[in-house]
Amino acid sequence: MSFCQWRLATGRASALRTVGMLQMRKCRPLPSIKCMPIHISAYWQNDEDDILNKAVRLSRATLDIPIQTNDLIQSIDSYRPKNTKPVLNNQKYDKLTNDLDMSFTVPQLRQYLKTHEKVVPKKHRKSQLIQHIIHDLWGFSSQEMVKQKALMRKKDAIQKHFKTNRRELFFIIGDNGDTLQTIENENNVKITVLIDSNQFIVEGLSKDVDAAQHQIRKYLDFTEILVDYPTLKPGVTPEDLIATTTPILPEISKETRTFIEFVNDKIELTALSSKDLDYAKRLLSQTFTELNITAVKSLHAADETYLRYRRAKNIDYLLFLPVHDSAAMPVTTKKHGWSRLSESRIEDNYNNTLYHHLTTTAEDSVTELEEIQQSLMPKPIPSVETNILLEARFGNLLFQNPKVGESPFLQPPINSAFSVYQLMKLMKDNAYRRFFFESHPPPFISKRYLPVLNGKTLHRRSAVLEYVNKNMLINLGTADSGNDSIDAIGTLERLQVEYVIGEDGSLSLEHVMGEYGRRVIDVIGWKRDIDLRLLAKQSVFFANDINPVPEHLIRKPLPSAVEAVLAQCRLTGYSDFYCPPSLDLGASETMNLVGVSFKNEARYLDEEKGCLISISDIDTQQSRTRHTALSATPVEMDDEISQTWSIPSNGFRLWTSFTDVLGNIGRRWHYE
């Protein structure tokens, strides 16, 4: 007689009643103690009641009375390794197998597998059930199992070599090798790419290699088109186009999933869908325009450039200093070297109001700030009444370095000190592209201004969508299509949509603003080593019942085409926003999306002068760049106590106070 049988037969009445109830359920005879996973020594305790209770529980288990399913699942799951790696060393795997074998019965293991919808044949032994749980259900293998599997696979594996080309490899490899990894995982094969010889090798079982080869063919079912070279600026050759664009093509190809190459005076685009081809054409058109090598003016080019007067026109006192920030520069910029202007000796002569007009053809290039104001003021548009919004940005005007040898990053356009006269000659040369690069402001530059709260916080986050008229971009058509122009007066040139993003990810429309024209002026050496970009935008605000516009500003009803676009806009991630790539307003006003950016913005007020200052961390969605910028806009104070203000319909009415604020910011622009 086993210990438990003896204890149940000689125990107290309560124990006998318990055993009697168990026997009424027609349980099979108690097994011998050697079948139990718990040692008898565990029951030799002084507390008689505790011994009896544990004996009763033991008898229930051995009589095969089912326990609660949830308890069983939790009990077996408690043995599951916490290790995230799928391969266990042999000792740990053997111990896990032994623990499950000693702790659970066959019916319990089957019940666990059944709960997880794993059906196994009835003839499977206990060891096989345990292997199903550890290997198939939990996904763990031992080192020995992995070794044996690899040996068996190597024994039966075959290799197939395939000839290909760079275009096909582009689609086989995919973005960062994602496509290649997908093919390998889904077909249980190994693929080796030999780029230098345009080959790839597929290794695996014969049926798996055939399946992988079939899947690869699906990724090679692409469409291709040929487009003409864009119309180039005078002095720019097709070789210049290729040399300037080639470093940027991998970025464009990756973004658009399109293979791009120059073939026989044509541009060949290859993609898996017409949607990708259209996206590649739009982005390539935008890139050619931004590179300032085509007959179409760059979207961000200045109309005029001035230099603060320090010396006479023929004195060599100017220097070029190298500048580069690949994390903040857009893709059309970061692949090239750049330099900014400095002086051999900087004098803080803030009372000097004279400037060299660098882009003039007049003999006398010296002028005053009032002429800059007149040059910035746009001409009225006869058929359209607009607001004139002023904006200022701080940074540096950069000059593209010539490519000398392999690295263009440290070779400036002029190596030694030079004069204003030499600088004016340089700016007439089409080979030296210019780019205004917004600079990170000093940490305490906002200290003297009043913070503007957004609810209870200083910062607010917004998404800004930028559309431009397609005729402002170079047209990449086929051989029989020409380039349009935007000569029509009163045509909408740009459209800006801004959403404020709530803490819960909700979107609140801030404004929809259209531009019919703008003037842009760069002032080099505004104060110290900081340059200034001034913008005057001829704009209107589009309004509806949900998004009204102040009465004093010129506004128009929101077009139905824009409303349809807004209805499709949505936030898809922290720094990802979906919006339609184009919208058609009719009458030569088809707009293409050229950028989506996210701003984490802190705003400050200069109440005395009437100026709104914004310091923003800006993330661009397409090129994945990030930079910090400071901008300023003149405003009219409605109530200084409640910090309410309004944007004037004509910013030039506040020109004097606005330039005073810009001067104060420039004087305090230094890094300690």
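Threonine 115 lies in helix 6 (helices are DSSP runs of H or I with at least four residues, strands are runs of E with at least two, and both are numbered from the N terminus). The model is predicted, so local features need pLDDT of at least 70 and side-chain atom pairs count only at pLDDT 80 or more, while totals for chains, interfaces and linings use all residues. Residues are numbered from 1 along each chain as its sequence is written, and side-chain values use heavy atoms, with hydrogens and water left out.

At 35% relative accessibility, threonine 115 counts as partly exposed (buried means under 20% relative accessible area, exposed over 50%, and partly exposed in between, with a 1.4 Å probe and protein chains only). Threonine 115 touches Thr69 and Ile73, leaving aside residues up to four places away in sequence (contact means heavy atoms within 4.5 Å). Isoleucine 73 is 42 residues from threonine 115 along the chain, and their C-alpha atoms are separated by 8.3 Å.

The protein has 19 helices and 29 strands. Of its 672 residues, 46% are buried. Among contacts with a separation of 6 or more, 69% are between residues 24 or more positions apart.

Helix packing was examined next. Two packed helices are described by the angle between their axes and the distance between the axes. Helix 6 covers residues 106-115; its axis and that of helix 7 come within 10 Å and cross at roughly 30° (axes are lines fitted to C-alpha atoms, for helices over the stretch in contact, and angles run from 0 to 180 degrees between N-to-C directions). Helix 6 is therefore roughly parallel to helix 7 (angles under 35 degrees count as roughly parallel, over 145 as roughly antiparallel, 65 to 115 as roughly perpendicular and the rest as oblique). The crossing of helix 6 with helix 7 is left-handed (left-handed if the near helix is turned anticlockwise from the far one by less than a right angle, right-handed if clockwise). On the helix 6 side, the contact involves Val106, Leu109, Arg110, Tyr112 and Leu113. They meet Lys126, Leu129, Ile130, His132, Ile133 and Leu137 in helix 7. The residues of this contact divide into eight nonpolar, one polar and two charged (Ala, Val, Leu, Ile, Met, Phe, Trp, Tyr, Cys and Pro count as nonpolar, Asp, Glu, Lys and Arg as charged, and the others, Gly among them, as polar).

Helix 7 (residues 126-137) also packs with helix 5 (residues 90-103), at an angle of about 125° and with the axes 10 Å apart. Helix 5 and helix 7 are therefore oblique to each other. Their crossing is right-handed. Tyr93, Leu96, Thr97, Leu100 and Asp101 of helix 5 meet Lys126, Ile130, Gln131, Ile134 and His135 of helix 7. Five of the residues in the contact of helix 5 with helix 7 are nonpolar, three polar and two charged.

A further pair is formed by helix 13 (residues 249-256) and helix 14 (residues 274-290). Their axes lie 9 Å apart, at an angle of about 150°. Helix 13 passes helix 14 in a right-handed crossing. Leu249, Ile252, Glu255 and Thr256 in helix 13 meet residues of helix 14, including Tyr279, Leu283 and Thr287. The contact of helix 13 with helix 14 has six nonpolar, two polar and two charged residues.In soluble globular proteins, nonpolar side chains tend to be buried together. The largest nonpolar core here holds 32 residues, of which Phe394, Leu662 and Ile665 touch the most other members (a nonpolar core is a set of buried Ala, Val, Leu, Ile, Met, Phe, Trp, Tyr and Cys residues joined through side-chain atoms within 4.5 Å). Elements that each supply at least two residues of this core include helix 16 (369-376), strand 14 (387-400) and helix 19 (655-667). Helix 19 gives the most, with five residues. Leucine 662 touches Ala392, Phe394, Trp526, Leu532, Leu534 and Ala632, not counting residues up to four places away in sequence. Another core, of 27 residues, lies apart from this one and has Phe542 and Phe598 among its members.

Two polar residues complete the picture. Histidine 627 is found in strand 27 and is buried, with a relative accessible area of 16%. Asparagine 547 is found in the loop between strand 20 and strand 21 (555-557). At 10% relative accessibility, asparagine 547 is buried. Among the residues that asparagine 547 touches are Leu509, His511 and Phe542.
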